[in-house]
There are 2 protein chains.
Amino acid sequence: MSANLQAVADAAGVSLSTASRALNGRAKAFRISEATEKSVLDAAKKLGFRPNRVAQSLRAKKTGLVGVVVPDVSNPFFASIAQQVTRAVEDAGYHVLLGDSGELGEREIKLVDQLRSRRVEALVVCPVGHAFDHLAEASSSNIPVVVVDRGPLEETLVHVTSDHYSGSVAAVDCLLKAGHRRIGVLQGLPGTVPNDLRLKGIQDSLAHFGLTLDPRHVAGDHFTTESGERATTELLSDHPDLTALFAFSTPNAIGGMRALKRMGKRIPEDVSMVSFDDAPFVDCLRVPLTSVVQDVRRLGFTAGEIALQQLANGRRPERRRNVIPVQLVQRDSVAQIPVCEDGASLE
Amino acid sequence: MSANLQAVADAAGVSLSTASRALNGRAKAFRISEATEKSVLDAAKKLGFRPNRVAQSLRAKKTGLVGVVVPDVSNPFFASIAQQVTRAVEDAGYHVLLGDSGELGEREIKLVDQLRSRRVEALVVCPVGHAFDHLAEASSSNIPVVVVDRGPLEETLVHVTSDHYSGSVAAVDCLLKAGHRRIGVLQGLPGTVPNDLRLKGIQDSLAHFGLTLDPRHVAGDHFTTESGERATTELLSDHPDLTALFAFSTPNAIGGMRALKRMGKRIPEDVSMVSFDDAPFVDCLRVPLTSVVQDVRRLGFTAGEIALQQLANGRRPERRRNVIPVQLVQRDSVAQIPVCEDGASLE
DNA sequence: CTGAAAGCGCTAACAG
DNA sequence: CTGTTAGCGCTTTCAG
């Protein structure tokens, strides 16, 4: 195995502690002679000494580790978040222990537990989104926990999230202004905050036009392509009169596009589409999608920064909920259609 | 802080060692009475005992950690690899320490060093691609190293990679069969194996038609959208007679599409395009791209498996180079054009 | 059946 | 200016 401090000390003909001090750049502070210092440094280099961070961690009771748990790293949205956390904490000397829950609540709980066993100093978690007890428990046991994206509705945890409600309102307003009245929704995971806040945004936006959201116009059960494809097929078979679809994620939208293609429907001629987005390539899709763009990088970086601050301060930040603004970007997937006079006739 | 073994032992009224044995499920083996075992387990639960993995690691000289270093986690290609490694090793009880080199060789070296300091038991690295000494050094100091994607040309390291050469040949054959003779190349990082093997594939494929690759038809310097966009602009300004582009990555292709759009050129009517791919959404791009599809998941999972085997066997595998097949998928981005009779007139 | 003690590699009192 | 020693939390001989 790799040489240890003792070996270096022996090679340099000094004691363990002198070697330690020299290696840690404390030579000056301890007034170690330059000759001694040099001989230690030389010995270390010659032996290829690499300080054992495990031992250091045990001793210092600090691992310099941040645990990051996401539902699916292969999704660019979560990959970006993991990346930004990595970047945010690296200058402070922290490394990231990565966990992928595979959208499974049970796995998430297990992962959080394992990471705590590894004594991560902080946790940044994109939860599956239905249960938060394990995170609350971690948080109350004094380890900084930052939840990103799908957090609880109550302000129990430090939470970084996009402005789902406003974004949703903007998206639906855009459809309404273009004359659409019968809008289908390709939703993500029901019961999670991003999903339900967006549904609420839709309802409120429709209400301004004296309309209501027909629950039968909402389909889908995950933020995945598969869900988007299934939901679209279902929605358009049962309700061929829908003129627009609102997809709750880029994968949902991509699934929707696949289904529409299969059904021989064109965007936006036959069906308009807007999406709530999280991926950087939306402008290059078959039809450049009009979409609510989230600032994913900021979401992740902010989470990392908050965790770091908390680590430095030693106390929870006053601000629990950090809402990152979103922006509606109009592209080519929404067609203007003649306003149907009997706006109330939607169903 | 969290309770330690001593605390559990005290609470259960037994010694440290008995507590340890009971907690590790070795009660039977050590013929500990059921009552004692139960009291230990109860005490542990009551105190919320979580074994300190750092101390265990120090003691066992095993961390159960695999280091994964990639150039850019936000790129779905690398994100998938990281994910698959995570999945491949998790059942064996390993966790992944993630590093993002940001395509910077220096950072990669530093990260590898830091991860080794943290005593990762194995390294899976997608190198920036120009220098490998640090990896060779790690490998020769007995830690399993698996290089994915951009490895060295020589078989000095265990390497998992797509069949770049054959894929490239297939892509160019497809263009040639469609009548294209003047092909521009949006390359990635020159000097890396995937890049240069693909260039070689192009040359050999062209040679079959008695053609050669004009170096001026090759542009680009990274596997990024920016490089793809710049290269396309450059290529089509200088050589407006190019009828097709071969993009070496999905980001390169997306950049190319952006540039073409800006220049008012349509795919495939004005310019055909094929890409060497690594992302799952290519079928939904503006123009569904004909492309060489890599089995990214297999790339990553295989790397994880090999690392694990090596950890179990304790010796380097015989097979150094693991080549994963690729597949040409024809979509709609290649137009048939009238064969120019004077095939030699390309330039 | 259970306990005492050594030691993994390192840092930081505490002595000289 | 340098060395000795205790101890971080755990597992595992070695003794009873």
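Q: In this predicted model, which element gives the largest share of the surface near DNA strand C?
A: In this predicted model, the largest share of the surface near DNA strand C comes from α4(A), which supplies four residues. The elements that give two or more residues to that surface are α2 (16-23) and α4 (53-60) of chain A, together with α2 (16-23) and α4 (53-60) of chain B.

Q: How many residues surround DNA strand C, and which are the closest?
A: DNA strand C is surrounded by 26 residues, of which A:Asn4, A:Leu5, A:Asn52, B:Ser15 and B:Ile32 are the closest. By class, the residues of this surface divide into 11 nonpolar, 11 polar and four charged.

Q: Which residues come nearest to DNA strand D?
A: Around DNA strand D there are 27 residues, and the nearest of them are A:Ile32, B:Asn4, B:Leu5, B:Ser17 and B:Asn52. Two or more residues each are given to the surface near DNA strand D by α2 and α4 of chain A and by α2 and α4 of chain B, and the surface is made up of 11 nonpolar, 11 polar and five charged residues.

Q: How should I read the relation between chain A and chain B?
A: Two copies of a chain are related by a rotation about an axis and a shift along that axis. Here, chain A is superposed on chain B by a rotation of 180 degrees with 0.0 Å of shift along the axis, at an RMSD of 0.1 Å. The two copies are therefore related as by a two-fold rotation axis. In chain A, the C-alpha nearest this axis belongs to A:Arg286, at 1.6 Å from the axis. The same surface serves both copies, since 100% of the contact residues of chain A recur in chain B.

Q: How many residues does each chain bring to the contact, and which element of chain A gives the most?
A: The size of an interface is often given as the accessible area lost when the parts come together. Counted by residues, the contact takes 34 from chain A and 34 from chain B. On the side of chain A that touches chain B, two or more residues are given by each of α4, α5 (76-90), β2 (95-100), α6 (105-117) and α11 (250-262) of chain A, and α5(A) gives the most, with six residues. That side has 16 nonpolar, 10 polar and eight charged residues.

Q: In what order do the strands of the sheet run, and why is one side of each edge strand left without a neighbour?
A: The open sheet has 12 strands with mixed pairing, in the order β11(A)-β5(A)-β4(A)-β3(A)-β1(A)-β2(A)-β2(B)-β1(B)-β3(B)-β4(B)-β5(B)-β11(B). At the edges stand β11 (321-324) of chain A and β11 (321-324) of chain B, each with a single partner strand, so one side of each is left without a neighbour in the sheet. From one strand to the next, the twist averages 20 degrees.

Q: How do β2(A) and β2(B) pair, parallel or antiparallel?
A: β2(A) and β2(B) pair in the antiparallel sense over three bridges, and A:Leu97 has B:Leu97 as its bridge partner in β2(B). Within chain B, strands β1 (residues 65-70) and β2 (residues 95-100) run parallel and are joined by six bridges, with B:His95 as the bridge partner of B:Leu65. Helix α7 (residues 133-140) of chain B packs on the sheet, where α7 touches β3 (122-125) and β4 (145-148) of chain B and makes an angle of about 150 degrees with the direction of β4(B).

Methods. Residues are numbered from 1 along each chain as its sequence is written. Chains are lettered from A and ligands numbered from 1 in the order in which they are written. This is a predicted model: local features need pLDDT of at least 70, side-chain atom pairs count only at pLDDT 80 or more; totals for chains, interfaces and linings use all residues. Copies are superposed by least squares on the C-alpha atoms of residues with pLDDT of at least 70 in both. Two residues are in contact if their C-beta atoms, placed from the backbone, lie within 7 Å. A residue is near a molecule or strand if its C-beta atom, placed from the backbone, lies within 6 Å of it. Ala, Val, Leu, Ile, Met, Phe, Trp, Tyr, Cys and Pro count as nonpolar, Asp, Glu, Lys and Arg as charged, and the others, Gly among them, as polar. Two strands pair if DSSP finds at least two bridges between them. Axes are lines fitted to C-alpha atoms, for helices over the stretch in contact, and angles run from 0 to 180 degrees between N-to-C directions.
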